[in-house]
Amino acid sequence: MLIAILIGFVFALFLAFAGKFFKGKLSILISLIPLGLFIYFLQYIPNIASNQIVTESQQWIPSFGVNLDFRLDGLAMLFSLMITGIGTLVFAYTSSYLKGHVYLDRFYAYLLVFMASMLGLVLSDNIISLFIFWELTSISSFFLIGFNNTNPDSRRSAQTALAVTGIGGLLFLAGALILGSIAGTYQISEMIPLSEMIAGNAHYVLAVALIFGAAFTKSAQFPFHFWLPGAMKAPTPVSTYLHSATMVKAGIYLLFRLTPVLGGQEFWNTTLLIVGAVTMFYAAFHTLFRTDLKGILAYSTIAALGILTFLIGLGTHEALLAAGMFILVHALYKATLFLMTGAIDQGTKTRDVTVLSGLRKVMLPIAIAGILAAISNAGIPPSVGFLGKDLIYESTLNFNHSAIFLTGLAVATNVLIAYAGYVTGVKPFIGKLPTGMEHVDYPPLLIWLPPIILGVLGFVFGMFPSLVQESLIKPILTSVGRDPSQVHLKIWHGFTPILGLSVLTISLGLLVYFLWKPTKSKEDFIERFEKFSPKHILESLAVLFEKASDLWTRIFQNGYLRNYISVIIVFLVGLVSLTLLENTTYRIDYSSFSRLTIYEVVTLAIMIMSIGFAVFTKSRLAAVAATGVMGYSICLFFVFYSAPDLAMTQFTIDTLTVILFVLVLYKLPKYLKLSDYKTRVKDTVISIAFGGLITILALEVLAQPVNEEISNYYAENAYILAHGKNVVNVILVDFRGTDTMVEISVLAIAAIGVFGLLKLRLKSSERKQK
Amino acid sequence: MEFLLAIMTGVLYAAGLYMMLRRSLVKLIIGLIMIGNGANLLIFLLGRITKGHPPIISESSDVFTEIYADPVPQALILTAIVISFGLQSFAIILVKRAYKVVKTDDLDEMNTTDEEI
């Protein structure tokens, strides 16, 4: 199984590097990969049907409890077959749909990564590896949604999708870690027996809330639904793949998978029920106001996802069965509708449902596929959609409280979804062909065959439900710990209230379809409420965030050296003073200090004056001269306090610096007064605080005892070991000789730099550039 | 005397910092020199100052017979003086080059690497 998952990544890598050489030829061959995987998973059908679970474990990071544990049970099987099966058709469809596209190889690489991540997601038993694949689907879908990267709208949609699902992914990681630490294991299958202990834990609600955040963002539940309609900017094969069978179902999958672990609790059920109900009705209502085929499909997809969340929220045996069935039903008809939309878009160059009609005359196979899907979508027998709808009503009717209300909500949603199906699947094909569309090209085989296959499958499964009952539907229930023995899928149940509701849904849907015409003005009407939508709120937040970071950068990273220095110094002074204030007793022992002499006082006075002069003079030359005087004064101090070597060095260096300064800078103009009074006062305050801090620190250190061990060692051994009597010199050239050598090389490097800069002559062209 | 020297060090640091906060490049270098001298003085002071007894062993003896100034801070400062000379000379030449090219020593006019687009 590991190989089955990794093969997608390997081929994607191969395509990314070698894809250019094929120039899009042979692209149909790439669909052999999902097809092969589809067959690979099909061979496990007998195992699954007889309740054998296929597992495979690979050690990865055992010290963290993170392993690549794969587990193929009923639920994983359903998803794997949808991912690879619909994947095969989408891959084949793409080879014709994007024929000749410059980045076709890249597109396939993204698609393969996405497929492989999706497979990893549904097969992972370890919740951490599940998280990793979850994030990989977010990242690869970013590239798929933003595939038309020259279109700013498309890039924006991709960013929105990544932002929403990415935040969800982080929530998932947090939730998974909490869950793992409560349960003591990251294996989902090992958590199931511990579900009661987990529900009793104080952090249960937090973990569930975080996981809900992940599932709701991924599965586009209200109020995080807005990325999904935006993601319609992607090429149609991407929409088909992401929104019918894979990406958006990942959240549903997660909820389904964790139902036996976290489900059955008040918080779990109520939240899912409310969020699902709001989402399904809100989105279904919005389908009325859209005119773009893909826009309508986007909202009906959100509505379908709402229904699934709602069903998982109900949590009863029947509801979970209905959810399992509906995942399959929805994948089949929604993929068909999307593929059909792509064909229409490619043929007529428009997706506006208000202008499309009569297309059956030019693209008959597409019309057949569309009508089949619309029938399944509306739940008309004998399609599989009828079975799905039946199960939904059965679960709401038999729910133990507010059954009537919940059923009414489900009917209302389904009526609107049915309407959406009629508008997208039927309307473009009936009526009169508008002028200008007579010469629409007949779609090629690879464009019309995939939707037909899916549309027909929807009927085959509907007429012969036993095909999927044992192999797929029953094992789903088993995999969430329910007993499937009572499941009998069939079309005809006799005259029951459920049948009545189905008839009601179908006919009300038709009624809405005939009475309500989607128009541009209705779409504009709903656009006015955009201000209040979660999308708008999130976007304003993002803008605010951007502004805040901009402000931050402008304040702290503004490119002015003096600001950096000021900030550093202010913090340094603040922090050190804080420590000093708390821990210091100010004692200055004057008696330990040496006495003043007149020479020292005079030197000090000269030094203070020269510093003041250097700071305040307006002449550059005078400032340099004053700096020289200051250096000589320090030199005198070295003489007073027994440091003749220092005095000599300081004298030489100071002289050299002044000479260099004068030689180089005497040509420069006078200082300009560059800063205003306020700045200077502020800088003065900072400087005095800093100088004061240094003085206090120096006095504090002087009050401490001094350790002379090292000095004594050098002093005692200078002559005995190194045969020199000037201890400072002996330290420099003998004891620490290597350091001195390195120091000399530093000086040499500086000298080379100086020499280079002096000799550098810019060419006239370079000078002009500046 | 130590008390006055401690204050002197503080003055050097304060004046150096003030100069470094100016916009002129030349003042920046002068500030750097002042802080450098302040640091030298600080190390010198913290190593305890001794009057009239340089760390040189007398002709007639192999070891010190009386008190002596601490040689370790002196060795450190000697290194520091030389290294800071390397830094200063390089900075001075750099200022000269920069002035030749952009005709200003105002830091604010140098803080973009490229022409504003």
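**A first residue and its surroundings**

A: A:Ile127 lies in helix α7 (residues 127–145) of chain A. Please keep in mind that this is a predicted model.

Q: Is A:Ile127 buried or exposed?
A: A:Ile127 is buried, because 29 other C-beta atoms lie within 10 Å and 20 or more are enough to count as buried.

Q: Which residues is A:Ile127 in contact with, leaving aside its neighbours in sequence?
A: Beyond four places in sequence, A:Ile127 has contacts with A:Ala176, A:Leu179, A:Gly180, A:Tyr186 and A:Ile188.

Q: And A:Phe11, where is its place?
A: A:Phe11 belongs to helix α1 (residues 2–18) of chain A. A:Phe11 is partly exposed, because it has 19 other C-beta atoms within 10 Å, and the cut-off for buried is 20 or more. Apart from neighbours within four places in sequence, A:Phe11 is in contact with A:Ile33 and A:Leu112.

Q: Let us change topic. How many residues of α18(A) are buried?
A: Eleven of the 15 residues of α18(A) are buried, and the helix is mostly covered. Among them are A:Ile366, A:Leu372 and A:Asn377.

Q: What do those buried residues pack against?
A: The buried residues of α18(A) pack against α17, α19 (384–397), α20 (403–425), α21 (445–463) and α23 (497–515) of chain A.

Q: What span should α18(A) have, and what are the end C-alpha atoms like?
A: With 15 residues at 1.5 Å a residue, α18(A) should span 21 Å, and its end C-alpha atoms are 21 Å apart, which agrees.

Q: Which residues does another cis peptide bond join?
A: A:Phe222 and A:Pro223 are joined by a cis peptide bond, with omega about 0°. A:Pro223 is in the loop between α11 (204–218) and α12 (227–230) of chain A.

Q: Why mention such bonds at all?
A: Most peptide bonds are trans, and most residues other than glycine have a negative phi.

Q: What about B:Arg48 and its phi?
A: B:Arg48 also is not a glycine, and its phi is positive, near 70°. B:Arg48 sits in the loop between α2 (25–46) and α3 (71–102) of chain B. B:Arg48 counts as partly exposed, because it has 17 C-beta neighbours inside 10 Å.

Q: On chain B, what does UniProt list as "transmembrane region"?
A: An unreviewed UniProt entry lists residues 6–21, 28–49 and 75–95 of chain B under that name. In this model, residues 6–21 of chain B are 94% helix and 0% strand, with end C-alpha atoms 23 Å apart. Residues 28–49 of chain B are 86% helix and 0% strand, with end C-alpha atoms 30 Å apart.

Q: How many residues does the contact take from chain A and from chain B?
A: The contact takes 84 residues from chain A and 74 residues from chain B. On the side of chain A that touches chain B, α30(A) gives the largest share, 14 residues. By class, that side of chain A has 55 nonpolar, 18 polar and eleven charged residues.

Q: Where does UniProt place the "domain: MrpA C-terminal/MbhE" feature?
A: The unreviewed UniProt entry places that feature at residues 680–759 of chain A. Residues 680–759 of chain A are 86% helix and 0% strand.

Q: At roughly what angle do the axes of α31 and α32 of chain A cross?
A: The axes of helix α31 (residues 709–722) and helix α32 (residues 727–735) of chain A cross at roughly 65° and come within 10 Å. The crossing is left-handed. On the α31(A) side, A:Tyr714, A:Ala715, A:Ala718 and A:Ala722 meet residues of α32(A) including A:Val730 and A:Phe735. This contact has eight nonpolar, no polar and one charged residues.

Note on methods
Residues are numbered from 1 along each chain as its sequence is written. Chains are lettered from A and ligands numbered from 1 in the order in which they are written. This is a predicted model: local features need pLDDT of at least 70, side-chain atom pairs count only at pLDDT 80 or more; totals for chains, interfaces and linings use all residues. Axes are lines fitted to C-alpha atoms, for helices over the stretch in contact, and angles run from 0 to 180 degrees between N-to-C directions. Helices (H or I, at least four residues) and strands (E, at least two) are DSSP runs, numbered from the N terminus. A crossing is left-handed if the near helix is turned anticlockwise from the far one by less than a right angle, and right-handed if clockwise. Two residues are in contact if their C-beta atoms, placed from the backbone, lie within 7 Å. Ala, Val, Leu, Ile, Met, Phe, Trp, Tyr, Cys and Pro count as nonpolar, Asp, Glu, Lys and Arg as charged, and the others, Gly among them, as polar. UniProt positions are given in the numbering used here, feature names are shortened, and annotations may be inferred rather than shown by experiment. The expected span of a helix is 1.5 Å times one less than its number of residues. A residue is buried if 20 or more other C-beta atoms lie within 10 Å of its own, exposed if 12 or fewer, and partly exposed in between; C-beta atoms are placed from the backbone.
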